[in-house]
Amino acid sequence: MTDAPPPWALLAELTHGCPLHCPYCSNPLELVRRSRELTGAEWAEVMRQAGELGVVHTHLSGGEPLLRADLETITAAAESAGIYTQLVTSGVGLTAARLAALVDAGLRGVQLSVQHADPGASDRIAGRRSFADKERAAALVRETGLPLGLNIVLHRDNLDALDDLVELGVSWGAQRIELANTQFYGWALRNRSALLPTREQLERAREAVERWRERLGGGTDLVWVVPDYFDGVAKPCMGGWGAVSLTVAPDGTALPCPAAAALPGLDPPNVRDHPLDWIWNHSGAFARYRGESWMKEPCRGCAHRAEDFGGCRCQAYALTGDAAATDPACALSPDHGLIRALTGAAPAGAARYVYRKPERG
Ligand code: SF4
Ligand code: FES
């Protein structure tokens, strides 16, 4: 078997522990217990091997990565492996001293999550008081001069506040604002009926993004992550299965995407048992949906298959029970009616969330 082209990105899920309880979280319902997490030394070895494999960028993520007391050690290991590190955080627990230590270790950027521009609504969606911590964290990052990005997961409860959210990001000094329409995996799938927006909300939000792009003139990068349930077009999930990136879960499970642990029979390898090079190039889990040979009709004969890779395997499984099916988000899928039924139904009143609860793990 010849080696696959190397990955360039690693999503390092350092812990599933998190002080927040966001209902849109894409972490699995069965969260990894803290006692099963890789040690700092094991993460350092993952970073060393990832650098050798060709990875140049890592998101230090979770859960909340600041809960790891050895985050500085892991950051330093990535830095010495030649990997650009970006911290993905809620901001809760970030102090000036912690940030200075992370910068010393080689941290290159911070992506901060925000739930809403209104403090009360933000705290309600996050399931605890946290807006003030986020505001403080943004100020600390700005003082260090590190690039600051905001990650805003959009759904029925905050899409109408898009103008306020962009204004907030600009006032906090964010260079990049990711407006990420909810992708329905893990807890987000569990909360789908409360999170699904209306088509009208999305149209208004799209128009607002266009207005802001013109107004900001490129000074702040606005990234719109498409709501694939509504567009009739499958997303090129992960840039293709086992094509450009990999995820390592808190317990060392290596996955082609963060949600893939839910796929039956995948038997994902673990970095405790195998080198990353073998995992990427020779494991069955990473080969399973790589390339095009696994595709069924209509993807197999479709002109778009090299652009969208048949969409998302995890979504195909979640909606049809068959991970090799065409993603039902695609209008050409024989299962597209499943998506139409979901997006055509009127929302049933105010959102009632099932909050993410770490203790379930
Ligand atoms: Fe993409 Fe498959 Fe739909 Fe063609 S049929 S557009 S390859 S998801
Ligand atoms: Fe797993 Fe799309 S989230 S392939």
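The questions and answers below set computed values against the definitions of the terms.

This is a predicted model, in which local features need pLDDT of at least 70, side-chain atom pairs count only at pLDDT 80 or more, and totals for chains, interfaces and linings use all residues. Residues are numbered from 1 along each chain as its sequence is written, and chains are lettered from A and ligands numbered from 1 in the order in which they are written.

Q: Why are α2 and α3 called roughly parallel to each other?
A: Helix α2 (residues 71-80) and helix α3 (residues 96-105) pack at an angle of about 25°, with their axes 8 Å apart. Angles under 35 degrees count as roughly parallel, and α2 and α3 are therefore roughly parallel to each other.

Q: Which residues make the contact of α2 with α3, and how do they divide?
A: With contact meaning that C-beta atoms, placed from the backbone, lie within 7 Å, α2 contributes L71, E72, T75, A76 and E79, while α3 contributes A101, L102 and A105. The residues of this contact divide into five nonpolar, one polar and two charged.

Q: What makes β1 and β2 a pair?
A: Two strands pair if DSSP finds at least two bridges between them, and five bridges join strand β1 (residues 9-13) to strand β2 (residues 57-61), the two running parallel. Within this pairing A12 stands opposite L60 of β2.

Q: How many bridges join β1 to β8?
A: Four bridges join β1 to strand β8 (residues 245-248), again in parallel, and V248 is the bridge partner of A12 in β8.

Technical notes
Axes are lines fitted to C-alpha atoms, for helices over the stretch in contact, and angles run from 0 to 180 degrees between N-to-C directions. Angles under 35 degrees count as roughly parallel, over 145 as roughly antiparallel, 65 to 115 as roughly perpendicular and the rest as oblique. Two residues are in contact if their C-beta atoms, placed from the backbone, lie within 7 Å. Ala, Val, Leu, Ile, Met, Phe, Trp, Tyr, Cys and Pro count as nonpolar, Asp, Glu, Lys and Arg as charged, and the others, Gly among them, as polar.
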